[in-house]
Each structure stands twice: as C-alpha cells, then as structure tokens.
Amino acid sequence: MAAWHGVELGDLRIEGERVSMRPFRADDAPAITAAMQDRRMHEFVVLPDPYTLDDARDYAERISRQGRADGTSIEGALVDTVSGRLIGSAGLRLPAGHAAAEIGYLVYPDAQGHGHAADAARLLSDWAFGRELARVQIRAAVRNLASVRSALRAGFRYEGTARAAVDTPAGPADAAVLARLVGDPPGAMLPAFSPLPSDGLADDAVSLRPLRPGDAQSLFEMESDPESLRWAFFCAPVTYADMADFAERSELNWLVGGQASMAIVDRDTDATAGTLTLRLAGPPGVGGIGYTMHPAFRGRGYTARALRLVRDWALRPVVAGGAGFHRLELGAKWDNIASQRAARSGGFAHDGMRLARLRNPDGTISDEIRFVALPD
C-alpha cells in the first residue's frame with residue numbers, strides 16, 4: 001500500500017467522536033448489499049443496478065482499496081464510533097500537492113437523519129487540514145439537497161455551481177460546489193432562507209410550497225404568456241430549457257442562493273397556479289417579493305391570498321417558526337394596475353414611487369409604485 005505525506009494508507013483508520021472511517025472488510029458485503037436495495041441509494045450515485053452480493057464483495061475487497069494502493073484517495077467504511085455499526089461509506093480524494101482534496105459520503109438508509117454525513121465531512125476535512133492541505137471541497141448534484149444540507153452543517157461554504165460536473169445515473173449533472181478552507185471559523189453555515197413550516201402555508205383556496213423541477217411546464221406557460229411578457233423587464237425569448245433549469249435549481253437556491261421560490265398551488269386541483277419569490281433585497285432583514293400567475297387562474301384573487309400567507313410567515317421571528325424578516329417590499333410598474341391591486345389586497349401598504357426604475361421589453365423605463373409590509 002502507498003503512503004501520502006508520510007501517512008501509510010493501507011490500514012489507516014480515522015477516528016472521530018461520533019463517526020469513524022476504517023477500511024472495508026469482506027464481512028461488510030451483506031450489509032452493503034442490503035443498503036443498496038433501497039432506490040434512494042441510486043438516485044445520485046452511479047452504482048451497479050441491480051446491486052448484488054458479488055458487487056458488494058468486489059467493492060469492499062477491491063474497488064474501495066484501489067486509492068489506498070496508489071496513494072490517490074482514502075475510501076472506507078463509515079461506522080458508528082461507539083458501537084462499530086456500519087452506517088455508510090466515505091472517501092477523501094487526495095491531491096498530488098497541498099492545494100485541495102475532495103470529500104464524498106453515502107449514508108445507508110437505516111442510519112439517515114442523524115447528521116452522520118455532516119460528521120463524516122467534518123472528520124475528513126479536519127484530518128486533511130492536519131496534513132497541510134489548505135482546501136477541502138464537496139460537489140453535489142444541484143438536486144441532491146440532502147448532501148448540500150450536510151455540507152452546510154459541516155461548515156462548508158457554497159461557492160457556486162459547476163455545469164455538468166458530476167456523474168449521476170441520469171447522466172452528467174450540474175453540481176453545487178461547497179468548500180472549507182483551513183482558516184475558516186468552525187460552526188455550521190445557516191441556510192439562506194428558513195424552511196416553510198412542516199404543515200405548510202395554506203388557506204381554503206391555495207397553498208404554498210417550494211418550487212420543484214416538475215413545475216417547469218407551468219413556469220414556461222406563465223412566463224411565455226402575452227400578459228406576462230407585457231410586464232416583463234426584457235425582450236429576450238422565454239424558453240422551456242431556461243424554465244427547466246430555473247426549476248431544477250430552485251430548491252438549491254432556497255438553501256444557498258438569493259431567493260426562495262414557491263409554487264402557488266390550487267388546492268382543488270393541485271395544479272401550479274402561480275409562483276411567488278422571496279428575495280434577499282439588500283439590507284439585512286429586508287425581503288423583496290415578485291409573483292406571476294398562470295393565465296388559467298387569473299381573476300381568482302390567488303396572488304393576494306399567497307401574499308397574505310407569505311407575509312405572515314416571513315415577518316414572524318425564526319424562533320416562532322417564521323423567516324425572521326422585519327420588512328417586505330414589492331413593486332409594480334405604474335400602469336400595472338392588477339399587480340398593484342393584488343399588493344393592496346395582500347396586506348401591503350403604498351410606500352411611494354421610484355422614478356425610471358423598471359425596464360420595459362421595448363427598452364423604455366417605467367416608474368415603479370412601491371409597497372411595503374411590516375410586522376405591525
């Protein structure tokens with residue numbers, strides 16, 4: 001077996017308070033096989049499918065040891081430190097120099113929900129920093145929100161999105177890139193927006209939930225509608241591919257980006273009736289709001305209903321289950337009377353005018369009528 005920076009990798013075990021990593025053994029194969037029968041294990045990781053006991057033996061006895069043999073990575077069994085129970089796998093890809101390493105982790109279904117992936121990320125990054133590495137990164141498919149949440153809990157900071165950067169069973173996928181540097185302060189990174197309440201936001205006609213990839217078609221129909229284009233800021237054509245990309249990244253943006261996009265759902269049909277987006281508008285605690293309604297659901301007061309729901313949640317303190325904003329703002333072009341009417345009905349008060357503020361599709365600039373909602 002090879003050495004890396006003077007460390008023998010063959011039988012290396014990395015010990016942590018809650019989780020540890022050791023080399024895989026032949027007797028791990030049955031537990032690996034059982035875990036890989038869960039379809040969730042195949043969503044973002046390219047694995048043999050179906051996954052057999054022979055596949056598990058090959059992985060435990062050969063594949064997982066290749067990086068240790070040639071000095072390029074440390075891969076092993078993730079185990080509970082106290083009980084020794086196998087709970088997943090983890091790996092650290094080692095650089096040739098001192099610049100950067102990359103972490104991967106996979107927690108088995110019966111061990112999920114206990115923060116073990118975050119424990120593994122902290123364990124391996126701390127070990128790497130102790131061997132003179134300056135940077136450790138994690139790349140996760142943009143839809144792999146569980147992995148992103150684990151990285152944030154481990155203190156990794158979101159740096160951006162790399163296109164077609166990770167392999168998945170569905171093909172190359174865009175990846176969220178998160179990293180820790182040796183000098184970063186300890187502690188978890190908070191998500192950009194608080195999650196919606198577990199029981200959701202709803203009244204007797206509409207409900208709000210995070211926008212999802214399956215909303216792409218409804219988004220395209222909304223944004224390409226002539227009435228929506230009339231009030232758009234730019235004249236660029238709206239494409240389905242753009243809307244699909246926006247929908248795919250929307251839940252990631254909720255965690256690490258500048259906006260939390262929600263679907264306004266018609267409760268009778270479960271159809272996506274519109275969208276409402278809460279943005280970080282500038283000063284801390286100030287949120288900006290934008291909204292669009294599907295042409296099939298206009299005229300029912302759904303925008304005003306959604307605004308009231310998000311207003312009451314967003315202006316509530318985080319400790320009380322809200323989003324912790326102290327001011328919400330929105331604006332409409334001076335002649336967009338329908339949008340202004342929805343704002344007033346949604347509990348927003350007139351807050352003045354900004355001259356020459358919003359671009360029109362023909363390149364001219366409109367004045368903006370401003371609205372605000374405050375906790376009181």
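Let's start with S147, which is buried in this predicted model, with a relative accessible area of 11%. The cut-off for buried is under 20%, so S147 falls on the buried side. S147 is part of helix 4, residues 145-153. And what does S147 touch, if we leave out residues up to four places away in sequence? Three residues: Y105, I138 and A140.

Okay, staying with helix 4, let's look at how it sits against helix 7. Their axes come within 11 Å and cross at roughly 15°. That makes helix 4 roughly parallel to helix 7, since angles under 35 degrees count that way. If you care about handedness, helix 4 passes helix 7 in a right-handed crossing. On the helix 4 side, the contact uses L145, V148, R149 and L152, and on the helix 7 side you'll find E251, L252, L255 and V256. By class, that contact has six nonpolar residues, two charged ones and no polar ones.

Now, helix 7 has another partner to show you. Helix 7 covers residues 240-256, and the axis of helix 5, residues 216-223, comes within 8 Å of its axis, with a crossing of roughly 130°. Helix 5 and helix 7 are therefore oblique to each other. The crossing of this pair is right-handed. Helix 5 brings A216, Q217, L219, F220 and E223 to the contact, and helix 7 answers with Y240, M243, A244, F246 and A247. Sorted by class, that's eight nonpolar residues, one polar and one charged.

Let's go to the cores. The largest nonpolar core has 43 residues, and the ones touching the most other members are L92, I103, W127, V136, V148 and F156. Which helix gives the most to this core? That would be helix 3, residues 116-129, with nine residues.

Let me zoom in on L92. Again leaving out residues up to four places away in sequence, L92 touches T72, S73 and I74, then A101, E102 and I103, then L124, W127 and A128, and finally V136. There's also a second, separate core, with 34 residues, and A260, L309, A323 and F348 are among them.

F348 deserves a stop of its own. F348 sits in the loop between helix 9 and strand 16, the strand covering residues 349-359. Is F348 buried or exposed? Buried, with a relative accessible area of 4%. Beyond residues up to four places away in sequence, F348 touches I289, L307, R311, L328, L330, A343, F371, V372 and A373. Here's a distance to check on screen: F348 and R370 are 22 residues apart along the chain, and their C-alpha atoms are separated by 9.4 Å.

Two of the residues F348 touches, L307 and A343, also turn up in the next helix pair. Helix 8, residues 302-314, and helix 9, residues 337-345, pack at an angle of about 40°, with axes 8 Å apart. That makes helix 8 oblique to helix 9. It's a right-handed crossing. From helix 8 we get T303, A304, L307 and R308, and those meet A342, A343 and S345 of helix 9. The class count here is four nonpolar, two polar and one charged.

Most residues other than glycine have a negative phi, and most peptide bonds are trans.

Begin with the peptide bond. D49 and P50 are joined by a cis peptide bond, with omega at about 10°. P50 lies in the loop between helix 1, residues 29-35, and helix 2, residues 53-70.

Then there's phi. E132 isn't a glycine, yet its phi is positive, at about 70°. You'll find E132 in the loop between helix 3 and strand 7, residues 135-141. E132 is exposed, with a relative accessible area of 59%. D270 also isn't a glycine and has a positive phi, of about 65°. D270 is in the loop between strand 12, residues 259-266, and strand 13, residues 272-280. And D270 is exposed, with a relative accessible area of 60%.

Methods
Residues numbered from 1 in each chain as written. Predicted model: local features only at pLDDT ≥ 70, side-chain atom pairs only at ≥ 80, totals over all residues. Heavy atoms only, no water. Core = buried A, V, L, I, M, F, W, Y, C linked by side-chain atoms within 4.5 Å. Buried < 20%, exposed > 50% of the residue type's maximum accessible area, 1.4 Å probe, protein only. Helix = DSSP H or I, 4+ residues; strand = E, 2+ residues; numbered from the N terminus. Contact = heavy atoms within 4.5 Å. Axes fitted to C-alpha atoms, helices over the stretch in contact; angles between N-to-C directions. Parallel < 35°, antiparallel > 145°, perpendicular 65-115°, else oblique. Left-handed = near helix turned anticlockwise from the far one by under 90°. Nonpolar A, V, L, I, M, F, W, Y, C, P; charged D, E, K, R; others polar.
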